[in-house]
Amino acid sequence: MLTSKQRAYLRSLANCLEPIFQVGKGGVNPNQLRQISDALEKRELIKIHVLENSLLDARTVCNEVADSIGAEPVQVIGKKFVIYKESVQYKTIDLKDADLSDTAKAKKAEAAKKATAKAKKKVVKPNYSKKSSENKKNHSKSAGNNRNTFRTRRSK
């Protein structure tokens, strides 16, 4: 059984989904149930459309499909409904994130970001050899000369 937060999380994920199955006036047959079950194993969340010429109501079809497959009905709007079933092999949706509040999600993401930044951070000691200090001195002298020549040319 899904909690209200989990259901809301699944509805937000299903918002951008397109229906991949259609139920006509013949209703739902065993072959179609097998295909829906296979699709749920791969995707975990699917949207189904009940056609206009169907004599069945979308809510009754949703309950019938969910009961026969062992899935959870998520949402019924108009002629479309969404069902969810946790996959055994292809698990992609984590419902534990749905139970967290927004602030807890932000703290969890920030902690993960800090952990990766800390792992990547390395202490690099600068190399102050005689050659590098000489190059710095020569560079600063040549930069000063260039500035003066630029100013004289500009003043002309």
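The protein has 6 helices and 4 strands. Helices (H or I, at least four residues) and strands (E, at least two) are DSSP runs, numbered from the N terminus. This is a predicted model, in which local features need pLDDT of at least 70 and side-chain atom pairs count only at pLDDT 80 or more, while totals for chains, interfaces and linings use all residues. Residues are numbered from 1 along each chain as its sequence is written, and side-chain values use heavy atoms, with hydrogens and water left out.

**Overall layout**

- Read from the N terminus, the order of elements is α-β-α-β-α-β-β-α-α-α.
- The protein has 156 residues, and 24% of them are buried. Buried means under 20% relative accessible area, exposed means over 50%, and partly exposed lies in between (1.4 Å probe, protein chains only).
- The accessible surface comes to about 11,900 Å². Carbon and sulfur atoms account for 52% of that surface. Such areas come from the Shrake-Rupley method with a 1.4 Å probe, and for residues only the protein chains shown count as cover.
- Of the contacts between residues at least 6 apart in sequence, 68% join residues at least 24 apart. A contact means heavy atoms within 4.5 Å.

**Cysteines**

- The structure holds 0 disulfides. A disulfide is a pair of cysteine sulfur atoms within 2.5 Å.
- Cys16 has 65% relative accessibility, so Cys16 counts as exposed.
- Cys62 is buried, because its relative accessible area is 0%.

**Helix H2 against helix H3**

- Helix H2 covers residues 30-43, and helix H3 covers residues 58-69. The two pack at an angle of about 70 degrees, with their axes 10 Å apart.
- That angle makes H2 roughly perpendicular to H3. Angles of 65 to 115 degrees count as roughly perpendicular, under 35 as roughly parallel, over 145 as roughly antiparallel, and the rest as oblique.
- Axes are lines fitted to C-alpha atoms, for helices over the stretch in contact. Angles run from 0 to 180 degrees between N-to-C directions.
- On the H2 side, the meeting residues are Leu33, Ile36, Ser37 and Leu40. On the H3 side, they are Val65, Ser68 and Ile69.
- By class, this contact has 5 nonpolar, 2 polar and no charged residues. Ala, Val, Leu, Ile, Met, Phe, Trp, Tyr, Cys and Pro count as nonpolar. Asp, Glu, Lys and Arg count as charged, and the others, Gly among them, as polar.

**Ala66 in helix H3**

- Ala66 lies in helix H3. Its relative accessibility is 3%, so Ala66 counts as buried.
- Ala66 and Leu33 are 33 residues apart along the chain. Their C-alpha atoms are separated by 9.6 Å.
- Neighbours within four places in sequence aside, Ala66 is in contact with Ala71 and Pro73.

- Glu44 sits in the loop between H2 and strand E2 (45-50).
- Glu44 has 0% relative accessibility and therefore counts as buried.
- Phi of Glu44 is near 70 degrees. That is a positive value in a residue other than glycine.

**The loop between strand E4 and helix H4**

- Glu86 lies in the loop between strand E4 (80-84) and helix H4 (96-99). Tyr90 also has its place between E4 and H4.
- Glu86 is partly exposed, because its relative accessibility is 47%. Tyr90 is partly exposed too, with a relative accessible area of 35%.
- The C-alpha atoms of Glu86 and Leu40 are separated by 7.9 Å. These two residues are 46 apart along the chain.
- For Tyr90 and Arg43, the C-alpha separation is 7.5 Å. That pair is 47 residues apart along the chain.
- Leaving aside neighbours within four places in sequence, Glu86 is in contact with Glu44 and Lys91.
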